[in-house]
Amino acid sequence: MEPHIVKSFDEALNVLHQQVSRMGALAEHQLTLAIEALVSRNDDLAHKIIQADAEIDALEASANEQVLRVLALRAPVADDLRVVITALKVAGDLERIADYAANIAKRALVLNTQPVILPSVRPLQTLGKLVLSLLSEILTAYEEPNPEKALAAWKRDQEVDAQYSSLFRELLTYMMEDPRNITPCSHLLFIAKNIERIGDHATNIAEMAYFLATGNSIEGVRPKNDTSTKA
Amino acid sequence: MPAPNPSVEPQPAARPKLVAKDVNVYYGQKHALKNVNLTMNDGEVTALIGPSGCGKSTFLRCLNRMNDTIEGCRVEGDITLDGHDIIRGVDPVQLRARVGMVFQRPNPFPKSIYDNVAFGPRVHRLTERKDELDEIVVNSLKRAGLFEEVKDRLDAIGTGLSGGQQQRLCIARAIAVSPEVILMDEPCSALDPIATAKVEELMDELRETYTLIIVTHSMQQAARVSQRTAFFHLGSLIESGMTEQIFTNPKEKLTQGYITGRFG
């Protein structure tokens, strides 16, 4: 796309889009570290993750201010308006994703006080890796922006739902086997739910990436594979 | 979470009022308008946008034969008003009673407010009776949203009003002959934001009764007042459609470039 006649308008839009992309990279990194902290039972790492959440909150606040300013001063239309609106919504989703990552770190700290490592940490790691790869693809789709990549990743969220449902059942089984498992398994369940919710927020971002690139919303309803509510 | 449904605004039932087919305009050797096809509907404001020299004003002036007065100007193609040809075989004076015009700079006659509005009805002999003429003048001023401001001084000179009031006086003058279509060429470019808002509000009311076609350089104004937008570039009609679609998701790159300020 050609540059605007008013150069400072281009600059404002570029700064905004780049800042949200940077937020995306940070949120992705936070999730990577959170899963690592959980698996390696690393307290120091968990504390670092919890502290780093403030930076993403600050970036979101700054993105919101920039959106407000651009809307008020530039009255953007068409593709420019989409850059601004999607930045606002994606920044919100990323802030939530980072919150969930920080919550995983907090629960990892609690789990580290418990003696046992449950076998279900491995499937949680697998779920985490799946969501991470999904998030990474979606953030690339948003950055470029690329509607085909966004649509492809958007369709993959049902894999997350399916894995989450199977993990849910597995954790229930451990709790039924031994009541002493209930406390750690409850935390693991919340962690699994956090990861699954991150997948949902990533899907929202995929929808925004698609809208940013095409001006249309992704047609139809996203396929659901979460059967845990029927368990 | 289900994917958001694309918000589909119910499209107003379109009643074609003015239809342009393959319209070409030449100023001597210069080909000013190239194969323009556009339908303008009753009950709607159609905004014509585009950079200077794109042909939008030329097109507007075809709609009430204002180009007749320009030497060397040739109009080809078909323009119909309610299905009847207006390019050939119609008296321009009669046509202009049906298709009124408001210009960029308010241009009231150096006469009283009353006489400004009464001018058209007198020329077209709409009535011979003073009380009926009074009624036309008052109603036209009311419809133009000016009556309350001038009711105590209808014999004051029209050129003594403020810019915004003068423009509404010109709109009252256009309305007085009961036109079906009102053409507006940059009607707010000489007005301050409050006067502009009043004229825009008026346009929204007038479109219930008249077909409005407005040429504007203000993208925001086109977005605010019109239901349909037509984008012209270098004499061609590049894209036309519902205003909401043009300003949120234009189909053509040229349209997008223009409305977002990427070329001028």
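Student: Which residue in E8(B) does Asp185(B) stand opposite?

Tutor: First, a caution: this is a predicted model. Now the pair. Asp185(B) stands opposite Val215(B) in E8(B).

Student: How many bridges join E7(B) to E8(B), and do the strands run parallel or antiparallel?

Tutor: Count bridges for the pairing, then read the direction. Five bridges join E7(B) to strand E8, residues 211–215 of chain B. The two strands run parallel.

Student: Which strand do four bridges join to E7(B)?

Tutor: That is strand E6, residues 99–102 of chain B. E6(B) and E7(B) also run parallel. Here Gly100(B) is the residue opposite Ile182(B) of E7(B).

Student: What unit do E7(B), helix H7 and E8(B) make?

Tutor: For a β-α-β unit, follow the path from strand over helix to strand, and note its hand. E7(B), helix H7 (residues 193–206 of chain B) and E8(B) form a right-handed one.

Student: How do I read the side chains of a strand?

Tutor: In a regular strand, side chains alternate between the two faces of the sheet. Take E7(B). Val181(B), Leu183(B) and Asp185(B) point one way. Ile182(B) and Met184(B) point the other way.

Student: Are those residues of E7(B) buried or exposed?

Tutor: Count neighbours: a residue is buried if 20 or more other C-beta atoms lie within 10 Å of its own. On both sides of E7(B), all are buried.

Student: Now zoom out. How many helices and strands does chain B have?

Tutor: Chain B has 10 helices and 10 strands. Its radius of gyration is 19 Å, close to the 18 Å that the globule rule gives for 264 residues, so chain B is as compact as a globular protein of that length. Buried residues make up 44% of chain B.

Student: What is the secondary structure of chain A?

Tutor: Seven helices and zero strands. Chain A also has a radius of gyration of 19 Å, close to the 17 Å from the globule rule for 231 residues, so it is as compact as a globular protein of that length. Of those 231 residues, 43% are buried.

Notes: Residues are numbered from 1 along each chain as its sequence is written. Chains are lettered from A and ligands numbered from 1 in the order in which they are written. This is a predicted model: local features need pLDDT of at least 70, side-chain atom pairs count only at pLDDT 80 or more; totals for chains, interfaces and linings use all residues. The radius of gyration is taken over C-alpha atoms; the globule rule is 2.2 Å times the number of residues to the power 0.38. A residue is buried if 20 or more other C-beta atoms lie within 10 Å of its own, exposed if 12 or fewer, and partly exposed in between; C-beta atoms are placed from the backbone. Two strands pair if DSSP finds at least two bridges between them. A crossover is right-handed if, with the strands pointing away from the viewer, the path from the first strand over the helix to the second runs clockwise.
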